[in-house]
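Try each task yourself before you read its solution.

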Amino acid sequence: MTKQLPPLFRDKMMDLLGEEEFEQFLASYDQARSFGLRVNTGKIAKADFLDKSPFVLEPVPWASEGFYYEEGERPGKHPYYHAGLYYIQEPSAMAPAELLQVQPGDKVLDLCAAPGGKSTQIAAKLQGEGVLVVNDNHSDRVKALVKNLEIFGVRNAVVLNERPERMLNVFQSYFDKILIDAPCSGEGMFRKEEDMMLQWERHTVQEFAGMQRELLGQAAQMLAPGGTIVYSTCTFSPEENEAQIAEFLDRHPAFEVVPIERFESGRPDFLREPWCEEDYSTRSREAVAGTARLWPHRLRGEGHYVAVLRKAGDAGAEAGAGAAVNAVAGRDAGLKASAKRDAGLRAGADADFVSASGAGPRSGRDALRGKGRAGTDSRVSLEPLQAFEDELLRSEPFADLRLVCYGEHAYASPASLPELHGLKVVRPGWYIGALHRGRFEPSHALAMGLRMLEAKRALSLDLSDERALRYLKGETLEVAESEIIRDPEVTKAAKGYCLVCIDGHPVGWGKWLDGMLKNEYPPGWRWT
Ligand SMILES: C[S@@+](CC[C@H](N)C(=O)[O-])C[C@H]1O[C@@H](n2cnc3c(N)ncnc32)[C@H](O)[C@@H]1O
């Protein structure tokens with residue numbers, strides 16, 4: 001494979017690394033790559049997953065929920081994948097979100113998020129508490145992002161399809177933590193995706209450097225005092241890495257680098273002609289030594305670069321800097337309800353694609369449960385949704401969220417979110433379902449975000465039950481009434497919607513009637 005590397009790239013790496021290290025670097029292209037998956041601790045405790053994992057797993061040292069699996073395994077072809085129990089992710093790519101040190105309750109922005117690898121990692125760390133805003137400016141890639149968040153069962157995420165400069169007014173100094181997993185020339189992915197080599201040219205590095213500079217400046221404006229930005233790329237070029245950070249520090253004196261100790265350090269010595277400017281301040285030049293390089297010849301993963309940047313601010317927000325960034329915190333608890341907030345109902349906008357073209361949803365006064373129904377300005381009655389909740393849901397999964405209707409579509413949105421005036425909103429929150437002609441049709445996202453115990457009617461198929469795969473293929477199933485799990489005190493009838501689970505993990509809806517389960521698994525998600 002070394003022969004296929006673009007000659008200009010080889011020459012540049014030789015110049016940067018020097019002959020001896022360059023040989024080691026080059027040799028890595030002929031070595032086997034590593035494969036990784038990350039457990040969704042928003043759905044299952046890590047220990048429980050390891051108990052039932054069908055794969056041989058080995059921990060990724062820098063990611064609390066990350067594991068290597070062996071080449072030849074096919075984790076994407078397993079019912080647990082459809083249950084959202086893990087995400088398949090290249091091991092080095094697990095480092096940036098880990099270094100962001102997300103805590104439940106944080107307000108987090110994933111600025112370049114599609115297809116959502118790192119968004120799902122952040123979501124698991126939030127454990128359903130706080131706000132996750134994910135954005136990507138590419139409309140097709142956003143679809144994969146939405147799907148990955150849904151399969152992961154994320155309840156507190158908002159999905160935008162925006163140019164970051166349009167987000168500045170709404171989110172000025174709003175976020176505690178921001179991840180910029182920047183678009184880049186992808187040199188670190190040459191071994192994993194050989195096509196990347198064909199696209200690589202010297203000028204692409206310069207183009208990406210321009211975009212990265214803008215993204216860093218925009219993120220700085222959306223970050224609260226005391227907040228943290230993690231900047232990452234999957235490329236080696238210093239123009240996109242150390243030079244970005246040095247220039248950013250020179251322009252933003254309120255920021256400093258929080259040193260990362262776990263990996264090889266960033267390279268101030270790469271800040272030289274002909275690759276980079278040379279006139280950075282001493283502070284900035286020295287600071288890039290605290291950023292990190294993940295080299296494929298030094299660890300089991302592909303090439304990445306990561307920098308952790310802290311904005312000056314109040315002491316509370318700054319606590320945990322420094323050493324804390326090197327700790328790997330594992331949290332295996334399930335989704336937890338955060339402090340009760342006012343669940344004000346908003347209703348009214350009429351677009352199917354949820355795009356706040358100035359107006360946005362209108363506010364009503366009342367909450368759905370126990371405090372009334374839609375506000376007087378609503379054109380959509382929420383009664384069918386309430387009836388569904390009464391019939392099917394044991395918990396109050398929307399209690400801490402704000403119900404929002406866009407046309408017929410109901411979402412549960414993080415309550416503390418600012419108004420998203422004028423932004424292209426793909427998902428204003430957890431998609432609950434459609435209110436149509438006096439009926440409520442629960443969404444697949446609702447099923448994926450629930451726990452089996454939250455449903456008053458459920459069916460749990462064993463992994464070994466041939467009906468588990470048949471369900472995922474979209475087939476109608478024979479299901480005896482006695483198999484429908486329900487509390488006779490609460491739900492006497494087996495008839496109607498039922499949360500279908502595999503080994504106790506929700507995979508979708510079915511409708512039971514007279515010994516048959518009508519399959520509600522969405523066609524686009526089916527096992528093929
Ligand atoms: C490296 S990929 C992100 C991968 C993602 N973080 C993950 O872990 O799955 C970079 C993404 O940035 C998006 N992008 C490029 N320019 C952007 C911009 N100006 N604003 C927002 N997103 C952008 C691309 O569409 C692409 O999906």
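**Exercise 1.** Work out the handedness of the crossing of H6 and H7 in this predicted model.

*Solution.* Looking at how the two helices are turned, you'll find that H6 and H7 cross in a right-handed way.

Next, take the angle: H6 packs against helix H7 (residues 139-151) at about 30°, and their axes are 9 Å apart. Angles under 35 degrees count as roughly parallel, so H6 is roughly parallel to H7.

Now for the residues that touch. On the H6 side you have Ser119, Thr120 and Ala123, and they meet Leu145, Asn148 and Leu149 of H7. Sort this contact by type and you get 3 nonpolar, 3 polar and no charged residues.

**Exercise 2.** Which residues come nearest to the ligand, and which elements give two or more residues to the shell around it?

*Solution.* Start with the shell, which has 18 residues; Cys112, Gly117, His138, Asp181 and Pro183 come nearest to the ligand. Then go to the elements: helix H6 (117-126) and helix H9 (202-222) each give two or more residues.

**Exercise 3.** Find which helix gives the most to the side of domain 2 that touches domain 3.

*Solution.* The contact takes 8 residues from domain 2 and 11 residues from domain 3. On the domain 2 side, helix H13 (383-392) and helix H14 (444-449) each supply at least two residues. H14 gives the most, with 3 residues. By type, that side of domain 2 holds 5 nonpolar, 1 polar and 2 charged residues.

How values were computed:
Residues are numbered from 1 along each chain as its sequence is written. This is a predicted model: local features need pLDDT of at least 70, side-chain atom pairs count only at pLDDT 80 or more; totals for chains, interfaces and linings use all residues. A residue is near a molecule or strand if its C-beta atom, placed from the backbone, lies within 6 Å of it. Helices (H or I, at least four residues) and strands (E, at least two) are DSSP runs, numbered from the N terminus. Two residues are in contact if their C-beta atoms, placed from the backbone, lie within 7 Å. Ala, Val, Leu, Ile, Met, Phe, Trp, Tyr, Cys and Pro count as nonpolar, Asp, Glu, Lys and Arg as charged, and the others, Gly among them, as polar. Axes are lines fitted to C-alpha atoms, for helices over the stretch in contact, and angles run from 0 to 180 degrees between N-to-C directions. Angles under 35 degrees count as roughly parallel, over 145 as roughly antiparallel, 65 to 115 as roughly perpendicular and the rest as oblique. A crossing is left-handed if the near helix is turned anticlockwise from the far one by less than a right angle, and right-handed if clockwise.
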